[in-house]
Each structure stands twice: as C-alpha cells, then as structure tokens.
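This briefing goes through selected local features of the structure shown below. Points are grouped by topic.

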Amino acid sequence: MLGCGSVGSQVVRLLGEQADDLAARVGARVELAGVAVRRLDAPREVDVPADLLTTDAAALVARDDVDLVIEVIGGIEPARSLILSALENGASVVTANKALLAEDGPTLFEAAEKAGRDLYYEAAVAGAIPILRPLRESLAGDRVTRVLGIVNGTTNFILDKMDTSGAGFADALEEAQALGYAEADPTADVEGFDAAAKAAILASLAFHSRVTAADVHREGITDVSAGDVRSAREMGSVVKLLAIAELRPTPEGDDAVSVRVHPAMIPRSHPLASVREAYNAVFVESEAAGQLMFYGPGAGGSPTASAVLGDLVTVARNHRQGTRGVGESAYADRAVLPMGETRTRYHVAIDVDDRAGVLAAVAQAFAEQGVSIQTVRQEGRGNDAQLVVVSHEATDAALAATVDKLRDMEIVREVTSVMRVEGTEE
Ligand SMILES: NC(=O)C1=CN([C@@H]2O[C@H](COP(=O)(O)OP(=O)(O)OC[C@H]3O[C@@H](n4cnc5c(N)ncnc54)[C@H](OP(=O)(O)O)[C@@H]3O)[C@@H](O)[C@H]2O)C=CC1
Ligand SMILES: N[C@@H](CC=O)C(=O)O
C-alpha cells in the first residue's frame, strides 16, 4: 500500500475485516506487505502494525515478494514514478489517482502492457460506483455516444444546498467543509479540476480514444449565484456541475469528441436532477443499449475503498491464474472538438433599461449571431427590469459573440448570468 489517508486507511481496515472472504474469492490469502506513508507518527483511522509502516515507498515497491501495489497517495509525483517502478518490478497496480490518470494515463497503460501486468483504477471515477468496468467491458460491443455525469460530490452538495435552502455559494461551501466533504483547500473541487480529470477518464474509455485533462473545457461553480439557482428553479430546472463527453460528427463525416465540465441547468424531470447531496451519478447513452444510469456514493474513504478492493480481487485472481485483464482498448485517436464548436442551449439574464423597443433590440443581437431564441420573459419594471432569454441550440462561439454584443448595447446595464442548459428542448 502506498498511502494510508482517507482511502488507504479504509482499504487496510477492509483487508483485515474481510480477510477470510477475500481469501475465498481470490483462492489465496491477501497479505499486507507494507504501508508507505509520509509521516510515521501521524494519527491514523486504523491501527497499522508499526513494522509494516515505512516512509521508503521506493524500497517497498521494489521488493520481490510484492505482487500487487495499491497507490492511494494521490497527485502526480511521486505517485507516477512509484507506479512505473512497481510495474517494471513485476507487480500489478490498483490506483484511485484520477489526477495522474487524466494527465498521463497512456504512459502508465503502456508500462503495464510492456510489463504484462494489470493496471486497474475503478476508484478513480465516482468512488464506489462501478462505471469504468461497464464502459470498458460490458459496453465494449456497443457504441457509446454520450456520457453525462455528476462526478464531484463536494460541488453537488454545495449546489444542492443552494437549491434547497436558498444559501449563497460561500455559506454552502462552509457547510460542506464543516461536514468534511470539501477539503480545507477546496480548489480542485469547486474550480472543476477534479471533475475534469474524471471526465477525461470517462471519455477515454467510452470512446476508446486518448483524452487528457488538457482536452477538457473546464468551468467550476464559484460564479454560480443564488440568483442563477433561483432562476433555474423558476424554469423547473436545477443547477448541477456536469461532466459531459459526447461524440459529434465532423464535416468530413468522422466522429470528434467533445468533453467539458461546467455548471448547467437541467430540468427537474431529468434523472440527474434527483441526485442530491454528495452523491454521484453517471448517465450513459449508447446506440444499442439506449440510456443507462449508474448512481451511488462518489466520494469518501469507505466507498472508495470498496472500489479499490473490487479491483484488488480481480487483479489477485488474474495473478493466481497467470493471466491479466483486458487492459485498454486500441486507441481510435479521435479529434477533440474546440469548445467554441460545441452546441448547447443557453440561459441568459440581462438587466436592461425598461423602455420601448428593448425586447426587439435584444432579440436582434441574438439573431445577428444566428442564435435563435426559444423563450424570453421580462421580470421586474423600471430600474429592476430584467430579460431572461433561453436559446435553442447554438455554438458556444455564437453565444459568446452574442454576449459581447449585448454588453456593448446602451440599453443593457449588465449581463448578469450566462448558463448552459442541458436536456431535451420542450
Ligand atoms: N477521498 C476520497 O473521497 C477519494 C479519493 N480518491 C483518490 O484517492 C487517492 C487518495 O486520496 P485520500 O485518501 O483522500 O488522500 P489523503 O490525503 O487522505 O491520504 C494520502 C496518503 O498518502 C500519504 N503520502 C503522501 N505523500 C506521500 C509520499 N511522498 N510517500 C508516501 N506516502 C505519501 C499520506 O501520508 P501521511 O498520512 O503520513 O500524511 C497519506 O497517508 C487520491 O488519488 C484521491 O484523488 C478517489 C476517490 C475518492
Ligand atoms: N473530492 C472528490 C472526492 C472524490 O473523488 C469529490 O468531492 O467528489
């Protein structure tokens, strides 16, 4: 084991508590050879025998008697070097490290292939929810066209609080921190980095293509206001941080991949709208199967450890049988669509001067960029007048040009909110 924090300590606990069951499932006892940590004297959620703890992770992965390395340190280095050297030394690897997989997955997969060893990482996306194996194996004979997910528990908790209690972002974040969902430094969650890493992994598996975190358009939830959430509610919608990966046809008739993470309004009738608190869900659309939904706890030590142990049993069985798992698909290397060419609908709230002709002028600004309006309504009068426009599907570039134009108009005091809208048009 590399790391013994929130996830690692629960893996150690389950390895002890379920030792007999695991032995029955694997066909051999699984023994903990050592646990590498940063600080030997740090308080731990489980008792780890002192003779198993070490700060020399490199020496632990180099041991001849280690068949399997579980990496739950996180981050890029030293995790990457340790995984590579474990594989070179003939051990298989189970990891929960989405940041590393999204940044440099192909290097790790090639190393596993070269070494003839397994590299499993179910825990890296959506905690306990089995989603990577279904995409890689169960749906391998189908053509997945779209994956839409709530894959970050912290931000879902915050947005859910804003929706149900009317709280602002800062208050909801404070509550998430008090309950232990959000880290003291919640940047990776609230700025969408964590969800973007997961989106890259999902897109790679769903479309058998190489997608890295750098390919993912990312927006977090720090700019989502109580007004946006209220506006969504008035439309019968809810704001969620969505990870979206889809196949889009290119003019040449090929498939390009579009991958993005951003807040969006979805209708309350959509299955993802009912995903509350820190839960995760992934909605998959494929040609033959149709629509599938995977739901469950997406974070936390114990749920994540469940996914790690599932991988451990598979890898240990493979090891016993002298074989290895299916590994990654041959890559199709599809082009990644620039965000400007991504098509979706938009909700735009505009503070305007309440005078004759304002509606026509705003409608013209949309029309000039080829953005067609689905609905428009006026709220308030006089100095409080606001137009709320929902567009039909348009490209991100056309919408951005529309918003620039609106901001230059004399009758527009402020464009107060621009948010994407997901779900079918009514
Ligand atoms: N927490 C969650 O809900 C989820 C986490 N994950 C992923 O699981 C992984 C682990 O996360 P989590 O358990 O929360 O992280 P923690 O920060 O709780 O634990 C990290 C552990 O790694 C150890 N560590 C850090 N640096 C080193 C080093 N250089 N050498 C040896 N050990 C080191 C720490 O040691 P020490 O204890 O001495 O400080 C600690 O035990 C990450 O990749 C994360 O993204 C995935 C899904 C959900
Ligand atoms: N910080 C993540 C933990 C799991 O990946 C989250 O909130 O979902």
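His-208 sits in the loop between helix 10 and strand 7 (217-218). Its phi is near 50°, a positive value in a residue other than glycine. The model is predicted, and the points below should be read with that in mind.

**Backbone geometry**

- Most residues other than glycine have a negative phi, and most peptide bonds are trans.
- The phi of His-208, near 50°, is positive although the residue is not a glycine.
- Glu-77 and Pro-78 are joined by a cis peptide bond, with omega about 10°.
- Pro-78 belongs to the loop that lies between strand 3 and helix 4 (79-88).
- Gly-380 also has a positive phi, near 75°, and is found in the hairpin of strand 13 and strand 14.

**Helix 5 and helix 10**

- Helix 5 (residues 98-115) packs with helix 10 (residues 193-207) at an angle of about 55°, and their axes are 8 Å apart.
- Helix 5 is therefore oblique to helix 10.
- The crossing of helix 5 past helix 10 is left-handed.
- From helix 5, the contact uses Lys-98, Ala-99, Leu-101, Ala-102 and Gly-105; from helix 10, Ala-197, Lys-198, Ala-200, Ile-201 and Ser-204.
- Six residues of the contact between helix 5 and helix 10 are nonpolar, two are polar and two are charged.

**Helix 2 and helix 12**

- The axes of helix 2 (residues 19-26) and helix 12 (residues 301-320) are 9 Å apart, and the two helices pack at an angle of about 45°.
- Helix 2 and helix 12 are therefore oblique to each other.
- Helix 2 passes helix 12 in a crossing that is right-handed.
- The contact of helix 2 with helix 12 contains four nonpolar and three charged residues, and no polar ones.

**Strands**

- Strands of a sheet pair through backbone hydrogen bonds, either parallel or antiparallel.
- An open sheet is formed by three strands in the order 3-4-5, with parallel pairing.
- Strand 3 (68-71) and strand 5 (119-120) are the edge strands, each pairing on one side only.
- Strand 4 (residues 92-95) runs parallel to strand 5, and two bridges join them.
- Val-94 is opposite Tyr-120, which is in strand 5.
- Strand 13 (residues 373-379) pairs with strand 14 (residues 386-391) in the antiparallel sense, over six bridges.
- Val-376 is opposite Val-389 of strand 14.
- The hairpin of strand 13 and strand 14 has six residues between the strands.

**Ligand surroundings**

- Ligand 1 is surrounded by 25 residues, of which the closest are Gly-3, Gly-5, Val-7, Gly-74 and Ala-96.
- Helix 1 (residues 6-17) gives the largest share of the shell around ligand 1, with three residues.
- The shell around ligand 1 consists of 13 nonpolar, nine polar and three charged residues.
- Around ligand 2 are Gly-127, Asn-152, Gly-153, Thr-154, Asp-189, Asp-194, Gly-298 and Ala-299.
- The shell around ligand 2 has one nonpolar, five polar and two charged residues.

Notes
Residues are numbered from 1 along each chain as its sequence is written. Chains are lettered from A and ligands numbered from 1 in the order in which they are written. This is a predicted model: local features need pLDDT of at least 70, side-chain atom pairs count only at pLDDT 80 or more; totals for chains, interfaces and linings use all residues. A residue is near a molecule or strand if its C-beta atom, placed from the backbone, lies within 6 Å of it. Helices (H or I, at least four residues) and strands (E, at least two) are DSSP runs, numbered from the N terminus. Ala, Val, Leu, Ile, Met, Phe, Trp, Tyr, Cys and Pro count as nonpolar, Asp, Glu, Lys and Arg as charged, and the others, Gly among them, as polar. Axes are lines fitted to C-alpha atoms, for helices over the stretch in contact, and angles run from 0 to 180 degrees between N-to-C directions. Angles under 35 degrees count as roughly parallel, over 145 as roughly antiparallel, 65 to 115 as roughly perpendicular and the rest as oblique. A crossing is left-handed if the near helix is turned anticlockwise from the far one by less than a right angle, and right-handed if clockwise. Two strands pair if DSSP finds at least two bridges between them. Two residues are in contact if their C-beta atoms, placed from the backbone, lie within 7 Å.
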